[in-house]
Amino acid sequence: MLRFIVRRTLQLVPTLVGLSVLLFFWLRQLPGGPEYALLGEDATPEQRAALRRALGLDDPLIVQYWRFVPRLAEGDLGTSLQTGRPVLDEFALRFPATAELAISAIVIAVGIGIPLGYLAARRRGGVLDSAVVGGSLIGICTPVFFLAFVLKVIFAEHLGWFPSAFRQTPGFSATRITGFFVLDGLMTREWDSAWDAITHLALPGLALSSIPLAVIVRMTRASVLEVLAEDYVRTAEAKGLHRHVVRTRHVLRNAMLPVTTAIGLQTGALFAGAVLTESVFAFGGIGSFVYASTQTRDYPALLGFILIIACMYVLINLLVDISYSLLDPRVRVS
């Protein structure tokens with residue numbers, strides 16, 4: 001098992017190196033530049049040229065990249081041109097908001113998607129199956145930002161059941177330890193603070209979970225139907241094994257392999273794709289900062305944030321590979 005994990009980890013290194021090269025050169029090809037965003041349209045060409053020299057943007061791209069590599073190896077992602085603070089500090093400040101939002105979305109998607117997909121497969125062709133398939137298709141086709149606006153208008157503004165914006169009620173006094181508002185409330189036993197943070201997560205988490213939920217439902221249904229048709233399932237039923245044993249040991253465990261892949265991919269996508277949801281609910285996470293960085297051509301912030309998100313994505317895929325090997329030991333020899 002350890003050899004399998006080490007081999008998979010080493011395979012990630014060239015992926016991340018290649019990604020850093022592509023990102024670095026691609027970002028430098030974006031139209032305009034930070035001098036236009038920072039100095040405005042009224043700046044003279046001399047002022048813009050001076051700022052580019054000060055930022056080191058006049059050097060050849062290969063020189064800029066090799067200047068960046070040693071800093072990256074030391075964990076230095078540069079300084080944000082917007083705020084003047086280290087990029088890593090900016091990421092650490094905003095990561096808890098996006099992480100809480102992504103975790104809440106994947107918990108909703110997995111907690112509802114797997115049982116629904118399984119039940120739909122067990123009742124293939126029935127009313128529940130038709131409703132689940134139709135609902136999942138709607139979930140995939142509905143844009144996240146549109147669903148976020150609908151949920152906000154109905155449940156926050158009209159009914160007043162949930163807050164409409166922010167991570168916590170403005171002026172709410174709470175102890176901050178980790179930056180994860182729900183976790184901080186639970187750790188300090190400030191139950192009202194934890195509950196307030198959960199209510200603020202409800203609508204954006206539900207909106208963000210719509211596509212992962214639909215994907216997981218459809219993947220679970222298809223996988224369970226495939227496993228139910230296998231000979232070993234029929235054999236287990238013919239032997240008179242208890243229904244619970246057949247469902248858990250023979251059906252669900254084998255059906256979870258493709259579902260695990262879907263969950264891993266969707267989790268990584270949630271961290272990278274929460275921009276619109278954060279904007280609708282003024283959540284103040286990674287997505288909103290990346291969006292602002294694109295407007296100002298903040299190269300260090302864009303490069304640093306995207307690299308960290310990419311590292312998270314490949315680590316999630318590593319965890320998926322490990323879970324694969326636990327569900328099916330034959331994977332370890334491949």
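Which handedness, left or right, does the crossing of H7 and H9 have? The crossing of these two helices is right-handed, a term for a near helix turned clockwise from the far one by less than a right angle.

Welcome to this predicted model, where local features need pLDDT of at least 70, side-chain atom pairs count only at pLDDT 80 or more, and totals for chains, interfaces and linings use all residues. Residues are numbered from 1 along each chain as its sequence is written, and side-chain values use heavy atoms, without hydrogens and water.

The protein has 15 helices and 0 strands; helices are DSSP runs (H or I) of at least four residues, and strands (E) of at least two, numbered from the N terminus. Of its 334 residues, 41% count as buried (under 20% relative accessible area, 1.4 Å probe, protein chains only).

Here are two helix pairs, with axes fitted to C-alpha atoms over the stretch in contact and angles running from 0 to 180 degrees between N-to-C directions.

| Pair | Angle | Axes apart |
|---|---|---|
| H5 (residues 87–122) and H9 (residues 191–208) | about 60 degrees | 8 Å |
| H7 (residues 144–158) and H9 | about 150 degrees | 9 Å |

The angle of about 150 degrees makes H7 roughly antiparallel to H9 (over 145 degrees). In H7, residues including Leu147, Leu151 and Phe155 meet H9 residues, among them Leu203 and Leu206; contact means heavy atoms within 4.5 Å.

H5 and H9 also have a right-handed crossing. Their contact includes Glu100, Leu101 and Ile108 of H5 and Leu201, Pro204 and Gly205 of H9.

Key: Angles under 35 degrees count as roughly parallel, over 145 as roughly antiparallel, 65 to 115 as roughly perpendicular and the rest as oblique. Buried means under 20% relative accessible area, exposed over 50%, partly exposed in between (1.4 Å probe, protein chains only).
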